[in-house]
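Here are some notes to read alongside the model, written as numbered points.

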Amino acid sequence: MCMLIVLPPSETKASGGENDPIDVSFPALNPVREEIADDLAALTIDEQLPLLKISENLRGEAEANLELRTAPVMPAIFRYTGVLYDALDPASLHDDHLSRLAIGSALFGVVRAYDMIPKYRLSGGTKLPRRDGTLPTLKARWGTSITEALEGTGEFLVDMRSGTYQQLGRVKSAMTVRVESVQPDGSRKVVSHFNKHYKGELARVLASSSRDANNIETVADIAESAGMNIEVKGQELTLVV
């Protein structure tokens with residue numbers, strides 16, 4: 001059994017890419033992917049702005065959703081940007097390291113690092129209207145399909161997705177990651193602002209390890225060997241910073 005680290009997506013995404021077709025793993029997810037893409041494309045830019053919480057000066061983010069079928073594509077691991085991905089620094093990782101990475105997505109459900117995807121804007125908590133006028137949550141749209149796709153890999157899942165994206169496809173057998181800081185009085189506080197940074201650092205340590213893992217104890221050992229302060233309780237790993 002190999003380790004698969006499932007990362008959260010980011011709202012910010014790199015522009016550009018190659019003029020090739022979308023090419024993504026987990027083909028069982030394609031019917032829902034197609035439906036969501038079609039419903040996004042059916043919205044005007046002005047309809048998208050309030051629905052997707054896009055400011056007027058970022059209209060280009062909405063325009064990207066109208067061009068999903070023909071837009072340039074690039075590997076997912078380089079499409080997503082921001083704090084977690086800066087700490088991960090995927091450009092410096094080898095191909096075999098990147099093969100341990102997947103990313104949750106509101107539009108694609110889940111993709112592997114080298115899946116070729118376009119720039120898009122859609123968050124996991126969005127209620128995206130269908131063309132028949134109904135307004136389902138993305139959780140309702142995805143149903144059990146993401147869960148089944150991840151379970152079907154047969155890999156040991158290190159689930160670093162945020163709560164919103166875990167809800168789109170929760171896997172009971174996966175281990176999860178929590179980040180806490182020690183306060184001056186010795187108490188603990190869940191890290192919010194730098195949560196993504198520390199998860200990116202942990203993902204990098206795990207992805208680039210010469211060892212593989214098929215249980216949380218091995219994951220903890222890999223992290224501790226890299227100098228991280230780790231606690232394990234059940235299937236939850238806490239990174240203490």
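This is a predicted model: local features need pLDDT of at least 70, side-chain atom pairs count only at pLDDT 80 or more; totals for chains, interfaces and linings use all residues.

1. Residues are numbered from 1 along each chain as its sequence is written, and side-chain values use heavy atoms, with hydrogens and water left out.

2. Let us begin with charge pairs. A salt bridge here is a side-chain nitrogen of Lys or Arg within 4 Å of a carboxyl oxygen of Asp or Glu, and the count comes to 16. One of them pairs Arg 130 with Glu 35, with 3.4 Å between the closest N and O atoms. Arg 130 sits in the loop between strand 5 (116-118) and helix 7 (138-142), and Glu 35 in helix 1 (residues 30-41), so this pair ties together parts that are 95 residues apart in sequence. Helices (H or I, at least four residues) and strands (E, at least two) are DSSP runs, numbered from the N terminus.

3. How accessible are these two partners? Arg 130 is partly exposed at 27% relative accessibility, and Glu 35 is partly exposed too, at 28%. The cut-offs are under 20% relative accessible area for buried, over 50% for exposed and partly exposed in between, with a 1.4 Å probe and protein chains only.

4. Glu 35 has another partner: its side chain meets that of Arg 141 in a salt bridge of 2.9 Å, N to O. Because Glu 35 lies in helix 1 and Arg 141 in helix 7, this contact ties together parts 106 residues apart in sequence. Arg 141 is buried, at 6% relative accessibility.

5. Arg 141 also forms a salt bridge with Asp 39, where the closest N and O atoms are 2.9 Å apart. With Arg 141 in helix 7 and Asp 39 in helix 1, the pair ties together parts 102 residues apart in sequence. Asp 39 is buried, with a relative accessible area of 3%. Shared partners join Glu 34, Glu 35, Asp 38, Asp 39, Arg 69, Arg 130, Arg 131 and Arg 141 into one network of salt bridges.

6. Now have a look at strand 3 (residues 101-105). Five of its five residues are buried, so strand 3 is largely enclosed by the rest of the structure. Leu 101, Ile 103 and Ser 105 point one way, and Ala 102 and Gly 104 the other way. In a regular strand, side chains alternate between the two faces of the sheet.

7. Which strands run beside strand 3? Strand 1 (residues 3-7) is parallel to strand 3 and joined to it by three bridges, with Leu 7 opposite Ile 103. Strand 4 (residues 109-112) pairs with strand 3 in the antiparallel sense over four bridges, and Gly 104 stands opposite Val 110. Pairing requires that DSSP finds at least two bridges between two strands. Strands 3 and 4 form a hairpin with three residues between them.

8. Finally, the lining classes of two pockets are worth a glance. The largest pocket has six nonpolar, five polar and six charged residues in its lining, and helix 10 (residues 195-207) gives the most, with three residues. Ala, Val, Leu, Ile, Met, Phe, Trp, Tyr, Cys and Pro count as nonpolar, Asp, Glu, Lys and Arg as charged, the others as polar. The second largest pocket has six nonpolar, one polar and four charged.
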